[in-house]
Amino acid sequence: MENQQLQNQHTLKGDISISGVGLHTGASVNMTLKPASPGSGIKFQRVDLPNQPVVKADVDYVVDTARGTTLEHNGARVSTVEHLLAALVGTGVDNVLIELDGPEIPIMDGSSLPFIEAIERTGTQDQDAKKIYYTIDTNISYYDEQKKVEMVALPALDYSITCLIDFNSPVLGTQHAKMKNIEHFRNEIASSRTFCFLHELEYLLSNNLIKGGDINNAIVVVDRAVNEEDMSRLAKAFNRDTISVQREGILNNIELRFPNEPARHKLLDVVGDLALIGYPIKAHIIANRPGHASNVEFARKIKAYIKKNKHNKDVPVYDPNQPPIFDTPRIERTLPHRYPMLLVDKIIELGEERVVGIKNVTFNEHFFQGHFPSNPVMPGVLQLEALAQVGGILALNRVPDPENYDTYFLKIDNCKFKQKVVPGDTMILKMELLSPIRRGLVEMRGTVFIGNKVATEADMIAQIIKTREGK
């Protein structure tokens, strides 16, 4: 597990009220989205029930995936949550309390767009808490042989999804949709509406299972020949005078918003259902013939992986294709160290409380000549020195004229060497502030990573001292 990047969590600027009907229950529902405290996540509250029970948006509480995704916990049951969850992910809302006076999220037009537009009208706000993205370092796969569903999460530096559908339908054919990153969700995915086939619709209607259905909140794909009697029966079910079928096979001549709108909606469902993992993730998801049941099982696998590897969540991601924040000449303008004692090649992350540097270890390092030359191992004391130099950049970044200051390390505690560092390794050097800098004293925790494994860690205290009046 890796921490892809740090940014603040978000909630809503104010309350949002939305009313509508549930697709399957047909019940009128009043829904209010309310700001929530950092770390609380997404929660639903049934205010119409005794004691107003709460259920968290978590895959552990999924109880039904037959015609949408349904959660139940503490006596609170909420169905068709996926479109709203996708809208929250797409707008970056991490913490929200969703109050409902009914059992089902309003279907609106069958997409996420009405929810997103409501959130945009109210706005979101930063919270004083960091948002940690989880990335994976191995493929996570799910396969349903009976339904021929295949899903895989691949290691990636962003959250992207590729979705493929094939229902053996002459109307839809084989379709695919792609979301390059979550920033594209709003304009490219969110407006895609839910869909079903005519034979499914007839089954749902005959079993009184789609009480809130309307031809304005779902695309109906006509997958068989229909006659006047069929059209009359459907018109009556939808309280319409007449219903027609265009030659492409879409009920009532509804115009598709995208040629591949069904595939895009399946991708939307993946975004919403995977929100139930409970952790924001960075991965490339490939979903072949996904559905709510497979999405939920896949979410369970990803969540289990995260929980098992959560201790590794804070591994920085090093992308050698990205330009460094500090290259070697810039580092030399900040630190007094020079060859052979400059042990940092570049800085790839620098913030108020954290810095990440890179040291590429080669066989040509001067210390390998005398330190186990036949079995070269980087001395632990030099690993600590490399950390100290990275920490020096973090400390000096807080003063107005860093070239006139140096950092001197006063103390090292809790030092542990867990893995050898050898030629060919790339050291990822992370230093984080443990407390605010006071009187020039800088308390930091340092970690050396090789890949996603900890090689060395230690707590360090340094002091910033002015050594020059200017160069």
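This is a predicted model: local features need pLDDT of at least 70, side-chain atom pairs count only at pLDDT 80 or more; totals for chains, interfaces and linings use all residues.

Colleague: Which residues does UniProt give as "active site"?

Modeller: The unreviewed UniProt entry places that feature at H292 and H371.

Colleague: Where is H292 found?

Modeller: H292 is in helix α7, which covers residues 292–308.

Colleague: Is H292 buried or exposed?

Modeller: H292 counts as buried, because its relative accessibility is 16% and the cut-off for buried is under 20%.

Colleague: And what is H292 in contact with?

Modeller: Setting aside neighbours within four places in sequence, H292 contacts T65, G68, T69, E82, D269 and D273.

Colleague: Turning to H371, where is that one found?

Modeller: H371 lies in the loop between β20 (354–360) and α9 (380–396). At 25% relative accessibility, H371 counts as partly exposed. Not counting residues up to four places away in sequence, H371 touches P376, V377, M378 and P379.

Colleague: A change of topic: how many cavities of 30 Å³ or more does the structure hold?

Modeller: There is one cavity of that size. The largest cavity holds about 40 Å³ of space.

Colleague: Which residues line the largest cavity?

Modeller: The lining consists of Y134, T135, I136, A153, I281, K282, A283, I302 and I306. By class, seven of these residues are nonpolar, one is polar and one is charged.

Colleague: Which elements each supply at least two residues of that lining?

Modeller: Those are β10 (124–135), β17 (281–282) and α7. Helix α7 is also where H292 is found.

Technical notes:
Residues are numbered from 1 along each chain as its sequence is written. Side-chain values use heavy atoms; hydrogens and water are left out. UniProt positions are given in the numbering used here, feature names are shortened, and annotations may be inferred rather than shown by experiment. Helices (H or I, at least four residues) and strands (E, at least two) are DSSP runs, numbered from the N terminus. Buried means under 20% relative accessible area, exposed over 50%, partly exposed in between (1.4 Å probe, protein chains only). Contact means heavy atoms within 4.5 Å. On a 1 Å grid over the protein atoms alone, a cavity is a set of points where a 1.4 Å probe fits but cannot get out, and a pocket is an open set with protein on both sides within 12 Å along at least five of seven lines; lining residues have an atom within 4 Å of a point. Grid points are joined across faces, edges and corners, and a volume is the space filled by probe spheres set on the points. Ala, Val, Leu, Ile, Met, Phe, Trp, Tyr, Cys and Pro count as nonpolar, Asp, Glu, Lys and Arg as charged, and the others, Gly among them, as polar.
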